Number of protein chains: 2
Amino acid sequence: MAVYTHVSAELLADFLTRFDVGQLVSAKGIAEGVENSNYLVETTTGRFILTLYEKRVSGDDLPYFLSLLDHLADKGLPVPPAIKDRDGRAIHELAGRPACLIRFLPGVSLSHPTPVQALATGDAMGRMHRAVADFSGDRTNSMGIDTWRPLFQRCGDSLDQIAPGLHGDIAIALDAIEARWPRRLPASAIHADLFPDNVLMLGERVAGLIDFYFACTDLRLYDLAIMHASWSFDATGVHHDAVVGDALIEGYSRHFLLSADERAAFGDLAVGACIRFTLSRAWDWLNTPADALVTRKDPLAFWRRLRVYDPDLAARMPTLA
Amino acid sequence: MAVYTHVSAELLADFLTRFDVGQLVSAKGIAEGVENSNYLVETTTGRFILTLYEKRVSGDDLPYFLSLLDHLADKGLPVPPAIKDRDGRAIHELAGRPACLIRFLPGVSLSHPTPVQALATGDAMGRMHRAVADFSGDRTNSMGIDTWRPLFQRCGDSLDQIAPGLHGDIAIALDAIEARWPRRLPASAIHADLFPDNVLMLGERVAGLIDFYFACTDLRLYDLAIMHASWSFDATGVHHDAVVGDALIEGYSRHFLLSADERAAFGDLAVGACIRFTLSRAWDWLNTPADALVTRKDPLAFWRRLRVYDPDLAARMPTLA
């Protein structure tokens with residue numbers, strides 16, 4: 001959420017000559033996205049996002065992400081494809097980092113989406129899942145269920161520094177969800193991080209789906225569960241807005257009517273999403289100095305959502321009782 | 001150089017209804033400027049910078065800064081005036097901060113200005129000083145010569161942590177420059193911080209002068225000296241580009257031919273600029289944790305410039321010998 005790598009105007013102007021995008025007019029470092037450096041670049045022909053990939057995005061994964069974006073853009077989805085240079089290349093190196101020049105999309109990320117906006121976004125996810133039916137790319141989910149236990153073990157007893165008893169409670173939840181995980185539900189390429197941050201809205205219309213840097217092959221319904229968990233609660237994870245949550249599912253169901261198996265598994269997938277974000281935030285929390293300028297996200301905000309998604313499980317846990 | 005205060009899209013859309021600027025289309029937090037929070041905002045009618053003033057800019061000073069910008073814009077200078085709302089107000093409150101909506105200017109800040117660009121910028125400063133001949137606003141320089149000794153004393157012996165002997169050397173320079181300071185040279189409103197960062201260029205043309213938040217009443221020639229010291233050295237302060245420095249003065253001289261007194265005093269004013277930025281950077285250095293995400297600027301980069309501006313003085317100093 002900061003600009004980690006500085007690109008001088010001179011270097012940027014030179015970089016742009018590789019593309020048919022006109023001359024540099026303006027460039028502003030922007031605070032956006034996963035841990036990448038981003039510049040909003042204006043040229044004499046249009047606007048672009050220049051992204052330099054920092055440690056969290058592996059350069060090896062870029063071909064997958066970019067081919068997925070190309071595929072979705074070709075099918076008319078509002079995603080930002082990378083611009084190819086005169087030699088047809090989309091992946092470059094700039095200031096020692098892998099770098100892409102990406103089409104700018106208008107729209108704003110909402111903090112408090114309305115049910116109508118949730119309906120439109122559920123619909124957009126359904127369209128996205130339909131559009132990848134013939135996408136051949138494959139990427140293991142680097143934050144999928146098989147990674148949770150190793151991450152839990154790396155956090156270890158320190159979890160109890162976040163809330164007394166959290167270590168034991170997450171162990172209970174992990175045991176339960178690993179046993180119940182519905183591995184045989186339909187899978188495809190999914191976004192895997194479609195928080196409100198990553199949807200650009202113009203009024204009640206979805207103008208952009210962005211930040212595909214967790215995209216992977218995983219259960220379709222898990223994508224919907226992540227969106228549901230991220231959209232239909234307040235920032236503390238205490239208050240659930242069921243109308244927004246239902247609207248997301250209704251919009252999605254225009255494209256994929258949930259099967260009986262999927263309806264039965266939805267709560268478990270949502271609990272999985274809560275475990276995933278609790279653990280990744282807990283790791284960041286435990287490894288970020290309290291006085292650092294990056295905002296540490298409250299790991300408990302996702303944990304508290306278990307009260308809605310699995311009240312019986314939550315009732316057994318001291319941290320949620 | 002970060003976004004300190006978050007403004008939600010919903011709050012921003014509501015804020016924009018106070019102005020005749022159309023509907024919100026896009027908003028990106030940008031990493032720019034003194035310690036303010038800035039958003040690049042696009043509406044259906046144009047582009048703007050939304051600035052929320054954090055601790056370093058006092059809300060009490062805003063009327064001065066804004067009236068200076070209005071005055072300069074009226075005279076055709078490429079500065080970004082604040083947009084007035086339907087009631088004629090430019091200063092607002094948003095998210096608990098003083099806030100202004102400012103016209104967006106195109107252009108890029110250069111890292112390595114050429115002599116031609118330096119000539120254009122010297123010329124722009126000359127035009128700016130001419131344009132304020134009938135500006136009635138007044139503001140004491142909050143970083144002027146009378147503030148250097150108190151700041152030096154607040155830094156104290158800790159200066160020697162930056163370089164052994166720095167405390168004693170700065171004392172020598174302060175004594176010398178306070179005694180020689182040419183207080184009777186012509187004064188006016190000046191920018192007082194016209195680093196390359198604060199000049200937006202389109203090719204070889206000055207498209208914008210920005211970040212007037214150190215503007216004040218002080219010696220005109222001191223403004224030129226600050227620009228000279230910030231433009232005509234490399235980042236380490238070791239290598240001086242005399243051609244760029246001369247071009248700045250040549251451009252400026254199209255509007256104000258330097259008097260004999262001014263030519264004689266220029267070196268002292270430049271040493272003063274070096275002391276001012278050495279001290280403010282030293283203070284930030286000593287008060288910023290080494291692992292903070294903000295980049296600490298090297299205090300010695302301005303100190304080393306003394307070797308060019310006053311070789312005799314520098315020769316007496318262990319830190320510069």
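Helices (H or I, at least four residues) and strands (E, at least two) are DSSP runs, numbered from the N terminus. The model is predicted, so that local features need pLDDT of at least 70 and side-chain atom pairs count only at pLDDT 80 or more, while totals for chains, interfaces and linings use all residues. Residues are numbered from 1 along each chain as its sequence is written, and chains are lettered from A and ligands numbered from 1 in the order in which they are written.

**Exercise 1. Describe the surroundings of A:Y53, and state which residues A:Y53 touches.**

Step 1: A:Y53 belongs to the loop that lies between β3 (47–52) and α2 (62–74) of chain A.
Step 2: there are 22 C-beta neighbours inside 10 Å, and therefore A:Y53 counts as buried.
Step 3: leaving aside residues up to four places away in sequence, A:Y53 touches A:N36, A:G59, A:L62, A:R97 and A:P98.
Step 4: for A:L286, 233 residues away in sequence, the C-alpha to C-alpha distance from A:Y53 is 24 Å.

**Exercise 2. Find the domains of chain A, and describe how they meet.**

Step 1: chain A is divided into domain 1 (9–103) and domain 2 (115–315), with bounds that come from an automatic or database domain assignment.
Step 2: the C-alpha centres of domain 1 and domain 2 of chain A are 27 Å apart, and the contact between them takes 16 residues from domain 1 and 17 residues from domain 2.
Step 3: sort residues by class, where Ala, Val, Leu, Ile, Met, Phe, Trp, Tyr, Cys and Pro count as nonpolar, Asp, Glu, Lys and Arg as charged, and the others, Gly among them, as polar.
Step 4: on the side of domain 1 of chain A that touches domain 2 of chain A, there are eleven nonpolar, three polar and two charged residues.

**Exercise 3. Compare chain A as a whole with the rule for a compact globule.**

Step 1: chain A has twelve helices and nine strands, and its C-alpha trace spans about 60 × 45 × 35 Å along the principal axes.
Step 2: the radius of gyration is taken over C-alpha atoms, and the globule rule is 2.2 Å times the number of residues to the power 0.38.
Step 3: because a compact globule of 321 residues would have a radius of gyration near 20 Å, the 20 Å of chain A agrees with the rule.
Step 4: buried residues make up 43% of the 321 residues in chain A.

**Exercise 4. Follow the pairing of strands β1 and β7 in chain B.**

Step 1: two strands pair if DSSP finds at least two bridges between them.
Step 2: β1(B) and strand β2 (residues 37–43) of chain B pair in the antiparallel sense over six bridges, and B:K28 stands opposite B:L40 in β2(B).
Step 3: six of the seven residues of strand β1 (residues 24–30) of chain B are buried, so this strand is largely enclosed by the rest of the structure.
Step 4: β7(B) runs antiparallel to strand β8 (residues 205–209) of chain B, joined by four bridges, with B:L200 opposite B:G208 in β8(B).
Step 5: β7(B) and β8(B) form a hairpin with two residues between them, and B:G203 in the turn has a positive phi of about 60°.

**Exercise 5. Describe B:A192, whose phi is positive.**

Step 1: although B:A192 is not a glycine, its phi is positive, at about 70°.
Step 2: B:A192 lies in the loop between β6 (187–190) and β7 (199–202) of chain B.
Step 3: B:A192 is buried, because 23 other C-beta atoms lie within 10 Å.

Technical notes: A residue is buried if 20 or more other C-beta atoms lie within 10 Å of its own, exposed if 12 or fewer, and partly exposed in between; C-beta atoms are placed from the backbone. Two residues are in contact if their C-beta atoms, placed from the backbone, lie within 7 Å.
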